[in-house]
Amino acid sequence: MNLVVKLMREFKDRDTRHKLKGYRDKAELIRKRNLEAWDDQRLQAESLRLKKEAKSGTPLDELLVDAYALVCEAAKRKLGLQPYDVQIMAAIALHERFLIEQHTGEGKTLSAVMPAYLNALTGEGVHVLTFNDYLANRDAEWMGPIYRFLGLTVNSVQAGMSLFEKREAYAKDITYVTVKEAGFDYLRDTIALNEADTVHRPFHFVIVDEADSLLLDEARVPLVIAGESGSFGNDGNDGIRFAEVARQLQQVEHYDFDEFQRNVYLNEVGSAKAESLLGCGNLYESHHSHLLMSLNCALHAELLLKKDVDYIVRDGNIELVDEYTGRVAENRHLPDGLQAALAAKEGLQSKAGGKILGTITLQHFISLYPKICGMTATAQTSAMDFEDIYVLQVVQIPPNRTNIRIDHPHRIYTHKEAKLKALVQEISSVHATGRPILIGTSSVGESNILAEALAVADVPCHVLNAKNDAKEAEIIAKAGEIGAVTVSTNMAGRGVDIRLGGGNPTQAEVVAKLGGLYVIGTHVNESVRIDDQLRGRSGRQGDPGASVFFVSLEDELMLRFGINKAIRNLRQDEALEDSVLRSKIAQIQRVIMGQNFDIRQELNCYSDMVEDQRRILYEERLGILKGEKPMSPSEQRVRLFYIDEFWADHLAYVSYIREGIHLESLASRNPIDEFHAQITQAYEQIPAKINSESANMLVRLGGSNDPAKWEKFGLKSPTSTRTYIINDQYIQNKRSSWTTTTVFAYWLRTIARPIFRLSKY
């Protein structure tokens, strides 16, 4: 087997080398098209010629060398930037629709300009999807002079723009926008009753920045548009009641976790205790399913969602923390039941969710683009995922300058106190030399604990976490200065460019002699990609640097996989010198990556069919909206209205079915098959409902094309809508909630009780 793997790897490496040689040769051709002698007018005339060629149908591959040579010269003249050969190679791979892995500081932003320019020549528009609003605006402003010099238009989309401003921005040749904002705008378009109220034009070519984060980590996150929620929900007392019940249950005696602590479930004694506290009788009877769901939510909120790790409470509101970035996940909510349970846990009221009008996962949204490519510093470890989900192959682009960062082996300690003590000692001794240090912590809580310990040791530091995110730019700007100590969550682990000496050349020289930026991780992440992103803050563009991760056998990840049991009856302050432990940690990360891949696959089995249904219905809706079918204005309005109405009802039904579908496994039925069967049956009824209600309404309207009359009969868009993201953690974690213990408990309580005359409790 090892021989087969070795041969496959050798074949792949040979293929990569061949590909890179082709890119290098083409980059050389582009270099030889030396346009220095051309004046501005000639360059612009050449750009106009290429645009005409592209619009007349000349394949873009044939225009690539000329187009890229133009961009290189324009970048030099307008921005003083001379693209490296490796940046041109990356740009060629992007046009060929690969996912490129380019090291931190290698200039992905400039690499993206070349394929964006080339593919925008057709006039169909190019989107560059960025990580946040700040980067969308920065990159559009920064690279804008190149595009404009060559006769193309560019803009960025920002949250809060008016409908007109967004429509104008999307009409540009190149549009920089966050994937979430573009997705929300798409959802708004899907419920527009007039074509003038839409902002997107047909999708064409997309370049995804930080592609591993957007295409994998957040890909299954559903974007939601809903009718504005009303007042606070009236079930606040119920939430508090279930929270109190959850607090009275004890682990082992009343409930257990699955082996990876992704889910919590009641055992037989716990079910009886809960029934007694709720005074409800058998929890597992069908008419009590809402009680069981509420209790499950309360248990999940109480035991699996940790304050200052998974969420923070700020200004009386719960704000979820993105596990991959450490940032507050803006505008993000858990599914309504779990969000309400979390609010009850913290003694807060939860707002009612509002009727969901449309939803799409980020993965499905991005797949709407006919041509997809992407770039990131960490892709190779998840190459299989990219190929399986998006048919995207990864190409590793060599660095412009060799990476000389030293990545030290993990330092492993038996317990947390020893790890903290060692961390403080290491930071203190390195800080004494003046070398800047960036420390990546696991959570808001841990970053605060470490900062307090450093204060006791007289080491001043800046803390960057979700609670003080407003100071991010200021803190990061100083993180590479002499003597800087920055304690951060994953906020500083991605998309952050830390310059040695804070950008001051003299200081940078001193810092380089001290060894460059020293990156310390206080834990290993579930994904090795996240670890690599943190490491990547150091050693940019050939700078010196170093990284090391401190691990304790009491860290959550180690406990979850029982690594702490490997070292028995040992508690010492010194690091463990055990290479087997280090390889075991690497193995754990591989296992979790495999689990996450399986979770994505399973969740896709649920969401893919709903998305297929949405696309079929939306295609019909779009034809009506654009006037492709012969209809009177009133018939057009009525049919659009009822398509939206019954699709929203269908989504509510889908959500209801999805919540309880795992119960089907009790009857030895496949939950996914049952889910598909039930939602297919429901979906097939929609056309008849639309036809029936439309006919009735048209009779009532008497064929009137008066918009005032339409309004009178309620044929209008919602007065207000809100967009948000559902963190699907609960759905994911609930995937295996019916364990052997629970099934046996259910059987005993529903079947065996009357036979053996068992007590109700």
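1. The protein chain exposes about 33800 Å², of which carbon and sulfur atoms supply 51%; accessible areas come from the Shrake-Rupley method with a 1.4 Å probe, and for residues only the protein chains shown count as cover. The model is predicted, so that local features need pLDDT of at least 70 and side-chain atom pairs count only at pLDDT 80 or more, while totals for chains, interfaces and linings use all residues. Residues are numbered from 1 along each chain as its sequence is written, and side-chain values use heavy atoms, with hydrogens and water left out.

2. In the protein chain there are 28 helices and 22 strands, taken as DSSP runs numbered from the N terminus (helices: H or I, at least four residues; strands: E, at least two). Of its 761 residues, 52% are buried, where buried means under 20% relative accessible area, exposed over 50%, and partly exposed in between (1.4 Å probe, protein chains only). Among contacts (heavy atoms within 4.5 Å) with a separation of 6 or more, 76% join residues 24 or more positions apart.

3. The structure holds 6 cavities of 30 Å³ or more, a cavity being a set of points, on a 1 Å grid over the protein atoms alone, where a 1.4 Å probe fits but cannot get out, with lining residues having an atom within 4 Å of a point. Grid points are joined across faces, edges and corners, and a volume is the space filled by probe spheres set on the points.

4. The largest cavity contains about 130 Å³ of space, and of the 13 residues lining it, Thr-190, Arg-614, Tyr-618, Arg-621 and Trp-647 are the closest to its centre. Two or more lining residues come from each of α8 (179-190), β12 (356-361), α22 (579-625) and α23 (633-660), with α22 giving the most, 4 residues. By class, this lining has 7 nonpolar, 3 polar and 3 charged residues (nonpolar: Ala, Val, Leu, Ile, Met, Phe, Trp, Tyr, Cys and Pro; charged: Asp, Glu, Lys and Arg; polar: the others, Gly among them).

5. The second largest cavity holds about 100 Å³, and 10 residues line it, with Asp-217, Arg-529, Met-593, Asn-596 and Arg-600 the closest to its centre. Here too α22 supplies the largest share, 3 residues, and the lining divides into 2 nonpolar, 3 polar and 5 charged residues.

6. Glu-210, in the loop between β5 (205-209) and α9 (211-217), has a positive phi near 45° and counts as buried at 7% relative accessibility. Val-252, in the loop between α10 (236-247) and β7 (255-257), has a positive phi near 75°, but is exposed at 61%.

Notes: On a 1 Å grid over the protein atoms alone, a cavity is a set of points where a 1.4 Å probe fits but cannot get out, and a pocket is an open set with protein on both sides within 12 Å along at least five of seven lines; lining residues have an atom within 4 Å of a point.
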